[in-house]
Amino acid sequence: MADPMHQFQISKIVELPTVNVLGLPIDLSITNSVAAMLLAATLVVVFYAAAARKAVVPGRLQTVGEMLYGLVDGLAESIIGHEGKKFLPFVFTLFAFVLFMNLQGMFLVFTATSQLAVSLTLGLLVILTVVAVGFAKNGIKFFKLFAPSGVPGWILPLVVLIEIVSFLVRPLTLALRLFGNMVGGHVVLKIFAGFVVALGGLGILGWAGAALALSSVVALTALEFMVAFLQAFVFAVLTCVYLNDVVHLDSH
Amino acid sequence: MATENHGTVATTEAPGHEGGGLPQLQFQHWGGQVVWLLLIFAVLYTVLSKGLLPRVSGAIDERGAKIAGDIADARRLKDEAEVQARAAAAEVAEARAKAQKTAADAKAKAAAEASERQAKEEAVLAEKLAAAEASIQAARDEAMSHVRTVAEETAGAIVEKLTGKAASAVELKTALA
């Protein structure tokens, strides 16, 4: 059976020089992961260039484009409130980029979001934006985030500790949730698809097993499409929630 | 956190590139992915926030405004139509009242004319009747006056026959009076 982890192997497509930043070697070659990201971003731009029309009665493409935009718009509005509009481009870019990378993995051989480097960078990007927005909006009062109001004095140190830890693991949970879902789904798909081939070579009885495995693959593929959308959605929701924490720090 | 991960590059890079473990944990590939991702994200964010998303929201807002405007127009037209319908109904009612009045007038005029003509006819008839009665009266009077003459003559003849002598006219007249 083919190695189910092989699909996550990074391979270089275009060799580019390695640069050293602060003693860290950074290989700028275009790998399959970078190519997938480039393609996803390009597809987002192409899709929205085609979907962003002024038609009063929208066509199919425009309807889908406006539906996705409306989805994120509604999220930002309902979670962050009136100020959500300011963060809409950021949240939408995250959502669309993650969604297109996830969906691309359903059609092509490589899923960029199944790379921990990618999902962790996205998670850090979100949390650093949250910290930046928090400081820009509240100044030093940002640290009130870790000391919720209405907590009795004697328990406050413990609460502050818990709040700090929970804040620090946010990028990790963001990254691992996306990473784990994408890796898990694709590995399971690969394994079941491997069963089809392996069992198919075992004669009549094997064919029955292969048919079962094949139907599982079909069902799992449908499930994975849902997961691909859902994980992008969850990423956007949590980004909004974290942003809301620092935008409305007073009511925290 | 990112630098922390890069910090482990040196330690995990050493044992074999492809063999064992998750391919995602081959840290020699992290730097390039992170840099490219940030670059791509920055470009995508700029293109979307400056160019494409305003167009999408513009189209949505425009549609909302157009629908609201169309509904307002429709409401205004409906109100106008209602006013016109009310005016038309009032006009119809007025016309009907006028028509009824005209009809009543015509009827009254016709009735008046008819009664006047009838009165005139009756007057003519009454006149004729009176004339006829007068002429009958005259004829009767005349006949009655003839009766006296006949009676005188008859009386004279009877007297002459009986007495053999003619009575004078004066005697006859006084005898018959």
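Good morning. Please keep in mind throughout that the model is predicted.

Let me begin with chain A. Its secondary structure consists of 7 helices and 4 strands. Along the principal axes, the C-alpha atoms of chain A fill a box of roughly 70 × 55 × 45 Å. Chain A has 252 residues, and 35% of them are buried. If we take the contacts between residues at least 6 apart in sequence, 63% join residues at least 24 apart.

I turn now to one pair of helices in chain A. Two packed helices are described by the angle between their axes and the distance between the axes. Helix α4(A) covers residues 116–138, and helix α6(A) covers residues 170–200. Their axes come within 8 Å and cross at roughly 145°. The crossing of α4(A) past α6(A) is right-handed.

Which residues in α4(A) and α6(A) meet? On the α4(A) side they include L116(A), L120(A), L124(A) and I127(A). On the α6(A) side, P171(A), L174(A), L178(A) and F179(A) are among them. By type, the residues of this contact divide into 12 nonpolar, 2 polar and 1 charged.

Finally, let us consider chain B. An unreviewed UniProt entry places a "coiled-coil region" at residues 71–142 of chain B. In the model, this span is 100% helix and 0% strand.

Thank you for your attention.

Technical notes
Residues are numbered from 1 along each chain as its sequence is written. Chains are lettered from A and ligands numbered from 1 in the order in which they are written. This is a predicted model: local features need pLDDT of at least 70, side-chain atom pairs count only at pLDDT 80 or more; totals for chains, interfaces and linings use all residues. Helices (H or I, at least four residues) and strands (E, at least two) are DSSP runs, numbered from the N terminus. A residue is buried if 20 or more other C-beta atoms lie within 10 Å of its own, exposed if 12 or fewer, and partly exposed in between; C-beta atoms are placed from the backbone. Two residues are in contact if their C-beta atoms, placed from the backbone, lie within 7 Å. UniProt positions are given in the numbering used here, feature names are shortened, and annotations may be inferred rather than shown by experiment. Axes are lines fitted to C-alpha atoms, for helices over the stretch in contact, and angles run from 0 to 180 degrees between N-to-C directions. A crossing is left-handed if the near helix is turned anticlockwise from the far one by less than a right angle, and right-handed if clockwise. Ala, Val, Leu, Ile, Met, Phe, Trp, Tyr, Cys and Pro count as nonpolar, Asp, Glu, Lys and Arg as charged, and the others, Gly among them, as polar.
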